[in-house]
Amino acid sequence: MTTDIETNQVSYLNQYAVDLIGIPLNPAVSLFDFISKASWIFFESYIRPALIKDGQCTEVQITLVSQKLGKINAVANVSLIESVLFWSIQTAEDRDKLYQELLSAREHLENQNEKLLELTRLDPLTSLLNRRAAADDFMKMANQLTRSFCPTSFLIIDIDWFKEINDNHGHGVGDEVLTKLANTFKEASRSTDILARWGGEEFLIILFNSNVIDAQLFASRLHEKIKSILLPNSEQLTVSIGISGLSENELKDNELLDKVLKRADTALYKAKEKGRNRTEILE
């Protein structure tokens, strides 16, 4: 196969690779769509620097992820010509027993590393992404949007009167409210969306392929669902939401995420000033 050294976009797959991996070649396919997370880290930390320095990297072990067969151990030889990486990959499933055992041990360690990596990305209370992981995932999304733009919206969500909830009912109830709210977000969102606990009682949802009107409808559904979360005194939980959209000409801005979230934050404060339990939009 061939990939671009900068964008990681795949420009060529032979038929065997298409059949093995189970992903048809199209302009949106990235190298990271069919290698494991640990292999992605290995590529960024070792393979790419070695290619830039020496122009080639031989006999490196990676793990392919096939839609039909799951994880497949492989050995790759990679050459860099101008900005194109030329990959020659051999699957390693039929090697001798000792080598298979070594690969099995490596796969086990890789799985453990992936689990540890995932744990470092999650907020321990809500199991949503933490702030850093959400920012990292958005940068990957932004790279995709650079290749093929579609509307994307940002929601900053803040629990109304959360300090009073903690003061009146205790931090245990406060933690329970955060967990129930996080579960509500998961139920209402899609796999392509980014959900994060942005800090304290504040959450971030990034809606892929959704304009601000779509986001406003989504926020209305959230308000309805959140009504089912009751406090010990039987009062309904409420939240305030600020929404902002992303324009295509912003994608090259080095402070893209900060600027878009600043608009969403301004909209959130506007919702607070208007009495809370509402959504405001700042284009």
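**Reading a predicted model: burial, strands, rings and a pocket**

Mentor: C150 is buried, because its relative accessibility is 12%, where buried means under 20% relative accessible area, exposed over 50% and partly exposed in between (1.4 Å probe, protein chains only). The model is predicted, so local features need pLDDT of at least 70 and side-chain atom pairs count only at pLDDT 80 or more, while totals for chains, interfaces and linings use all residues. Residues are numbered from 1 along each chain as its sequence is written, and side-chain values use heavy atoms, with hydrogens and water left out.

Trainee: Is C57 buried or exposed, and how many disulfides does a search of the whole structure find?

Mentor: A disulfide is a pair of cysteine sulfur atoms within 2.5 Å. The search of the whole structure gives 0 disulfides. C57 counts as buried because its relative accessibility is 4%.

Trainee: Which residue of β5 is the bridge partner of V75?

Mentor: The partner of V75 is Q90. β4 and β5 (residues 84–91) run antiparallel and are joined by 8 bridges. Their hairpin has 2 residues between the strands, and E82 in the turn has a positive phi of about 55°.

Trainee: Where do E59 and S234 lie?

Mentor: E59 is in strand β3; it is a residue other than glycine with a positive phi, near 55°. S234 sits in the loop between α7 (212–226) and β9 (239–245), and its phi is positive at about 70° although it is not a glycine. E59 is exposed, because its relative accessible area is 54%. S234 is likewise exposed, at 55%.

Trainee: How is an aromatic pair described, and how many does the structure hold?

Mentor: A pair of aromatic rings is described by the distance of the centres and the angle of the planes. Rings of Phe, Tyr and Trp (its six-membered ring) pair if their centres lie within 6.5 Å; planes under 30 degrees apart are stacked, over 60 edge-to-face and the rest tilted. The structure holds 6 aromatic pairs. One of them joins F32 and W40 edge-to-face, at 5.5 Å centre to centre and 85° between the planes. F32 is partly exposed at 27% relative accessible area, and W40 is partly exposed at 24%. Ring pairs link F32, W40, F43 and W87 into a cluster.

Trainee: Which helix gives the most to the lining of the largest pocket?

Mentor: On a 1 Å grid over the protein atoms alone, a pocket is an open set of points where a 1.4 Å probe fits, with protein on both sides within 12 Å along at least five of seven lines; lining residues have an atom within 4 Å of a point. The largest pocket holds about 1600 Å³ of space, a volume being the space filled by probe spheres set on the points. It is lined by 47 residues, and F32, D136, D137, K140 and M141 are the closest to its centre. α4 gives the most to this lining, with 12 residues.

Technical notes
Helix = DSSP H or I, 4+ residues; strand = E, 2+ residues; numbered from the N terminus. Pairing = 2+ DSSP bridges.
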